[in-house]
Amino acid sequence: MPPAQVAAAGVAVEHTDSSDPSAGAGPQDQASAPKLLISAAFNQDYGCFACGTNTGFRIYNCDPFKETFRREVPNAGIALVEMLFRCNILAIVGGGPIPRYPPTKVMIWDDHQGRCIGELAFRSEVRGVKLRRDRVVVILEHKIYVYNFVDLKLLHQIETIANGKGLCALSPSSTTPILACPGLHKGQVRVEHYGLRKTKFIPAHDSNLACFSLSQDGKLLATASTKGTLIRIFNTMDGTRLQELRRGADRAQIFSIAFSPNAQWLAVSSDKGTVHVFRLKGPSPSDESRPAEAQSIERSGSQGSGCTSPFAGSPTLSPGGNPGSTLSFMKGVLPKYFSSEWSFAQYRLPEEIHATVAFGAQKNSVLIVGLDGSFYKCTFDSANGGEMIQQEYTKFMRTNEADQ
């Protein structure tokens, strides 16, 4: 089928029948293993993750941990790999020292057929890709394009502030098509409720956005700025700030934010080398029978064994809540630092690596994938918090493995 030109978007859409020379390459088929891990991203339910390398891409299952497959060609880099749950369709973008495809194209790969079945071409470099069963979302530096998945028809385009990181979040739930992206102003998040045909602008931070994430149903938004000290939780419908969580006192680069499937927990990774888990407010299974008024009252005065803040003195821990400073009762008098909610549980990585976090299938488990080729599975005590326990560690890719 010849390319269909979309003049308004500056995009060429092409359905292609060209096969890829890497088709059918299994884990042991390539003599030359990659030395460069470019990216790693979990799928929508955290059951798998995909890695882009300087010679192709790999897919790993999380529980049990194992390599599912790889597609590799020497000197053919893939910068981005976006999965669609566990199905055979992937969106890939070339990158690395020698890109397999132009970085200005999104290739739709069908692994059952072992070939690309479509592509989206742009005038500038692709910064990110998100998939739903009914949508393909492509993020550029200053614009986001939303396409119908079946025929790659352009449905919506959004102007954004400079977005070099390709920030965008898309709810995977089929009943709530919600997209979050940077707005046109610093620190602003734009939320598109496509089912309601409603747009909401949320002034999340005074500084530029560094990272944000949607809960699986799209009802909650977690954001972090380039300062990296605070994580804020918002209601995506009305923009209300529901919670403010403190990662730490020093500036940090936030790498990833992930909601647990039930939106009870939030995991955060940064360049400080510690993965933090916060408890989110809201009705838990035991709270659903309680009056709404009682659920909204913040309980205090009980001691717990959660994380201590840098402030001298023991933190207070509401039953089942995040730790706070002993001076939190003076909220409104002292600076916000003293009334912050600190993380409920923590895991210190052996090295300060670029890590992406998710929640595992096992109850109260956290998954961590590092760009050094490491995979961790940790668990936390949902009653007392504190230091997480490492349950599993795997070095799934080594920079010198080609020589082994």
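Modeller: The side chains of Glu341 and Gln243 are joined by a polar contact of 3.2 Å. This is a predicted model: local features need pLDDT of at least 70, side-chain atom pairs count only at pLDDT 80 or more, and totals for chains, interfaces and linings use all residues. Residues are numbered from 1 along each chain as its sequence is written, and side-chain values use heavy atoms, with hydrogens and water left out.

Biologist: Why is the pair Glu341 and Gln243 called a polar contact?

Modeller: The term needs a pair of N or O atoms within 3.5 Å; within protein, one must be able to donate a hydrogen and the other to accept it, and residues adjacent in sequence count only if both atoms are side-chain atoms. The value here is 3.2 Å, so the pair qualifies.

Biologist: What makes Glu341 buried?

Modeller: Buried means under 20% relative accessible area, exposed over 50%, and partly exposed in between (1.4 Å probe, protein chains only). Glu341 has 12%, so it counts as buried.

Biologist: Where does Glu341 sit?

Modeller: In strand E28, residues 341–342. Strands (E, at least two residues) and helices (H or I, at least four) are DSSP runs, numbered from the N terminus. The chain has 34 strands and one helix.

Biologist: What makes Gln113 partly exposed?

Modeller: Its relative accessibility is 42%, so it falls in the middle class. Gln113 lies in the loop between strand E9 (105–110) and strand E10 (115–121). Its side chain makes polar contacts with the side chains of Asp110, at 2.9 Å, and Arg115, at 2.3 Å.

Biologist: Which class does Glu192 belong to, buried or exposed?

Modeller: Buried, because its relative accessibility is 5%. Glu192 is in strand E17 (residues 188–193). Its side chain has a polar contact of 2.9 Å with that of Thr199.

Biologist: Which residues does Glu192 contact beyond its neighbours within four places in sequence?

Modeller: Among them are His156, Ile158, Pro177 and Lys198. Contact means heavy atoms within 4.5 Å.

Biologist: How do you know that the structure has zero disulfides?

Modeller: A disulfide is a pair of cysteine sulfur atoms within 2.5 Å. A search of the whole structure finds zero. Take Cys48: the nearest cysteine sulfur, that of Cys62, is 6.2 Å away. For Cys51, the nearest cysteine sulfur is also that of Cys62, 9.9 Å away.

Biologist: Are Cys48 and Cys51 buried or exposed?

Modeller: Cys48 has 3% relative accessibility, so it is buried. Cys51 has 0%, so it is buried too.

Biologist: What makes a nonpolar core?

Modeller: A nonpolar core is a set of buried Ala, Val, Leu, Ile, Met, Phe, Trp, Tyr and Cys residues joined through side-chain atoms within 4.5 Å. The largest one has 34 residues. Phe49, Ile368, Phe380, Met388 and Phe396 touch the most other members. Leaving out residues up to four places away in sequence, Phe49 touches Phe65, Met83, Val369 and Phe396, among others. Apart from that core lies another, of 19 residues, including Phe85, Ala91, Val106 and Val136.

Biologist: Why is strand E7 called largely enclosed?

Modeller: Because five of its six residues (78–83) are buried.

Biologist: What makes E7 and E8 a pair?

Modeller: Two strands pair if DSSP finds at least two bridges between them. Five bridges join E7 to strand E8 (residues 89–94), so the two pair. They run antiparallel. Leu80 has Val93 as its bridge partner in E8. The two strands form a hairpin with five residues between them.

Biologist: Which phi does Asn364 have?

Modeller: A positive one, near 55°. Asn364 is in the loop between strand E30 (355–359) and strand E31 (365–370). At 18%, it is buried.
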